[in-house]
Amino acid sequence: MADLTHSVPRSDAGNVARPNPVLDILSAIGKTILPVLMTLFGLAALTFFIGRMLPIDPVASILGENATQDAYEKMSAALGMDKPLWYQFGVYVKGILTLNFGDALTTGKPVIDDIARVFPATIELATLSIILGTGIGIPAGVLSAMYRNSWLDNVIRFTGLIGYSAPNFWLGLMGLVLFYATLGWIGGPGRIDFIYEFDLEPVTGFHLIDSALAGNWEIFRNVFSHIILPASILGFGALAYISRMTRSFMIEQLSQEYIVTARVKGLSWARTVWVHAFRNVAVQVLTVVALSYAFLLEGAVLTETVFAWPGFGRYLTNALLVGDMNAVVGCSLLVGVIFVTLNLICDLLYRVFDPRTR
Amino acid sequence: MTPKSIVKTRVIVAATAAALMSSISLPALAATPKSALVMAWNIDAISTFDPAQVGEVVTNELLQNTCDSLVDFDPKDESKVVPLLAKSWDVSEDRKTITFHLNEGMKFPGGAPATAKELAWSMQRVVLLGYGNAATLTEYGFTKENVKERIVATDDNTLVLTLEAAYPTNLILQAIGANRVSALLDEKTLTEKSVNGDFGNKYLATNTACVGPYKLMQWNAGESLVLQANEDYYGNQPKLKRVLVRHVAEPGTQRLLLTQGDIDIARDLSPDDLADLDGKPGLKIERVLKPQLFFWTFNALDPIFKEEKVRLAMRYLIDYDGLGKSVMKYLGVPRASFAQIGATGALNAEEGQPFKLDLEKAKALIAEAGYPNGFEATVLFGMLPHSAPIAQSIQQNASKIGVKLNLERMANAQLFSRIRGRDFQTGMLAWQTGVPDAHGNASRLIYNPDNRPEAKLTQIPAWRSAYQNEDFNKRIQQALLEGDPEKRNQIYYQLQKDTMQQGPSAIMFQMYNILGMSDKVQNWTWNGFRVYYDLASK
Amino acid sequence: MTDKALISASPPRSGYSAWLRAPVPSSPFHARMQQLWLQWRQLRSNASALFGLIVIVIILVAALFAPVLATHDIFEQNLAARLLAPSGQHWLGTDELGRDVYSRLLFGARITLYIALLTTVIVAPIGLIVGTTAGYLGGWVDTVLMRIVDVFLAFPNLILALAFVAALGPGIENAIIAISLASWPPIARLARAETLTIRKSDYIAAMRLQGASSLRIIFGHIMPMCIPSVVVRVTLNMAAIILTAAGLGFLGLGAQPPSPEWGTMLSSGREFVMTSWWIAAIPGCAILLTSLAFNLLGDGLRDVLDPRHG
């Protein structure tokens, strides 16, 4: 599972008073743009480097193993593989700057189109997962903090840790065997039953929304029955992380003096916790949620493999394995942009809303 | 929270719960549509639908159902040839000219007339483009320079093929006539869509434009593919109007889909799932031997494997029998000869596989070759599911005679580029021929006209293993032009016996085309070379 | 909970116990030992952490004594006895080549621990050095190093590892290098954050005034302060490493056959999930249990070593 705990900004960092929030935002943006560009350039360079190192021959991937040398050299020239390295790097950078990633070698379509096709599947799955993970994870984390060291806390923490520790491809496999094959409760692998696939008019690319827009509840139900298991499994992982972080934020808050004051004043415990304490950790929690979402968006390769989910993670992995560098570059930059953007948003949220930096 | 938003939340919760409940109460067995065939298949390999370029089995099968070729394999007997685009053909006295008479009134999807002129263009195009499949024609003397004179439409319904030598007519019909290179493409559309003189190659990457029972409706790479019956087809309309293929990479997942009734056919079931499903009510297993060989190839440039005796010893480490009865039971049959069962000139099943696991003999052979204490070598293999168990079985047997084999598994693309570049010691991979004649594999697995590294005959497995035997080369040439079928067979029989002892690779198994199917599907028709979607019904 | 251990301390005993319990430490070494002992008591009172520790010890023992505990040769194949269900003869059944699953599981523990430990040994120092250097020196060094960290962080672990394995070729050693490349950045970030708080403290300022070199301050005074939180982080990381290694094995790019790596076992077992469920279920459970144990232990260690992050 993706490692999520690294970049939560520490609450005790940057405790400097800032007088003007507007100026603050502007300077924050200024300070962030340059590093963002550096990160993106680094990402592009790393991708090129990996591409150079890959012992996979993209020409052989396209032409298959039986192609003649003649055809091979022709394709090699068409891809610019016969040019010197510096020239290839130039072409590569130019492509990135003009947002022209070329055609994916495996599908023959522009990489941008491919991504536009596979990304909605991942967004839909990630969104539902994060809704499940947040909806259960935050209350669980708060309860855990309220009843610290009680049996409830232990149960929540232990369950969370299982979500954190289980190989999710294995959970997926076992879940399919149980809920699909044995019990028949849910739809199987894929996003939708094949019989409905061509009745659904793609508007947004999100099957749930498309079927709801069309008012076709039969398809909606079918889509839901397909997405619920992978979303639950990914949501479980997100839940584990969210509840864990919420718990620790809340524990810190609950030890503050104002909580004691509030209680002395006669506010109910539940109200103190949910309204006053939680409000103060909301931004921190939001950051955690945003980061979990970023990682889900970057595609759960293994879960997508097990569930035959035609999403982003599988597309990227496939591209990597056949040496389809155009696709790999497009995908990596998208991943980078998602990561950087969400980090940026979190940063700004902090600066603007965190009571201690105000 | 305001009362209103609470109500809203409640509604959402209720709706979600309802959706959940209803999904739970879905009937366990969904049905596939009556007029469509629904298949789960690993279709990752598809990268283009251009008949000049396609070189792998999945797209080949799809093309055969969307693009009719000049002639066809007899569904019941693949070594016989039957009419398709051509309703008949004449052969000249010297066997060098074949005149095909095409069906009249053929149309492309959409209604434009399809004639011999477009067919000649389509076939010339293959040679002029020079992709992998050009070899199918250049092998028999067609070149970029002469193809416009050698493949000619004399009128709308007549196509004349002029050969440079007196090749066996049946071989030419099988190799060229029934091959995707004789697909009838829509010249007008492709010329319009042409980019930089590519004869529409880019357009065909995501489309089909030819005469056949089906046409490609939709293809989402790594997701799904739809074939739709071609209303303008000259032959009989297919019984099933649509063929839906869903990409499912996991064999276990395919099994689940099949047993749940969500698909009609699962194409990549694992042997143990096949064994388990065999005989289950509502399901059936269909299989047919295909012209694909799984083999272990040795690099003759390697100081160890250049020794003929070492290569022979390796054959005695293969537990043909044990593997054939367990791991390979539903996947293939043991086969050591390069000519596949069912091909003209092939040894029968028994004579074509004389080896058995014999550690003593293997040990003696490597000792004779100068390795009494064994040696260490690497085996490369790809992602084919049976590669790993076979490699491990051989590895274990080898360890008993002091030979240490290191296994290295890699992505298929990587494996191919290592083998093509002669950058390997030994490797395991599959090879499929398009011709039901011993010549098909003899000309690739044994024949090597030029062994120099700079010759770069990378499409020839014999070259990849740096193996050249002048005597074998001569016999293969001789057999090709031998007019007497019986004499021709005799040459091949002896050649197979000799190459099993000396050849560059240990052929291990001939593979099945095998699938699990709902018993609702009737008249599933196939042979080793072709699947006939248009004959299936429900 | 942190105080419980102290309050419930048993009456004083003689020897080591008394020495460890002495109210005033007599030497820095004495003080350190007393602290360690205290932390151990705290950890011991944490049931779930203790459980994690016990599980890890059991797995360690299983790995160390695998040759003794195994009932069969893990490479010996028997095509006639493949896919057998668990029985007295084969406690956890046999796999697709008739090898004993129980014995392979034991030897697989060696590989899993080897990967987890070696990766950690590679990653922790790199992360520490990069993080503390960036944090202490600040300025453009910080900017550049942190951008590099960001670049690596932007990729999901598995994809990055996958890319490197594809480039380097499959195998355990390459998997370790690949996973290391993918998992040092979070540690660098953590070490940097720690350094930023330590840097402001008076004693570092004092060192600087005395003319100590940056190198000496970083290695001698900042790094040791970062170690507790890094240890916690690294323990939790082991779980992630085990999962990534298993993921690589599952995709066929991890340890190579016939190695009994758990992910690889699971991967070949998934073919038989409907017919012989144990072949996939058993290594899956082993992975789950091991990674759970490291998480539990890491959680417990955090309470003891790094209470600020509760």
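**Ground rules.** The model is predicted; local features need pLDDT of at least 70, side-chain atom pairs need 80 or more, and totals for chains, interfaces and linings use all residues. Residues are numbered from 1 along each chain as its sequence is written, and chains are lettered from A and ligands numbered from 1 in the order written.

**Chain A, confidence.** I looked up pLDDT, the predictor's confidence in each residue from 0 to 100. Chain A averages 80, and 87% of its residues score at least 70. Helix 5 (residues 111–146) of chain A has the highest mean, 92, and helix 2 of chain A the lowest, 69. Over residues 1–18 of chain A, pLDDT stays under 50. Where pLDDT is low, the predicted coordinates should not be read in detail.

**Chain A, fold.** I found 15 helices and zero strands (DSSP runs, H or I of at least four residues for helices, E of at least two for strands, numbered from the N terminus).

**Chain A against chain B.** I find 49 residues of chain A in contact with 48 of chain B (C-beta atoms, placed from the backbone, within 7 Å). By class, this side of chain A has 24 nonpolar, 15 polar and ten charged residues (nonpolar: Ala, Val, Leu, Ile, Met, Phe, Trp, Tyr, Cys, Pro; charged: Asp, Glu, Lys, Arg; polar: the others, Gly among them).

**Chain C, helix pair.** Helix 11 (residues 214–250) of chain C packs on helix 12 (residues 262–269) of chain C at about 40°, axes 7 Å apart (lines fitted to C-alpha atoms over the stretch in contact; angles run from 0 to 180 degrees between N-to-C directions). The contact residues include Phe250(C) of helix 11 and Trp262(C) of helix 12. By class, I count six nonpolar, five polar and no charged residues there.

Note on methods: Contact = placed C-beta atoms within 7 Å.
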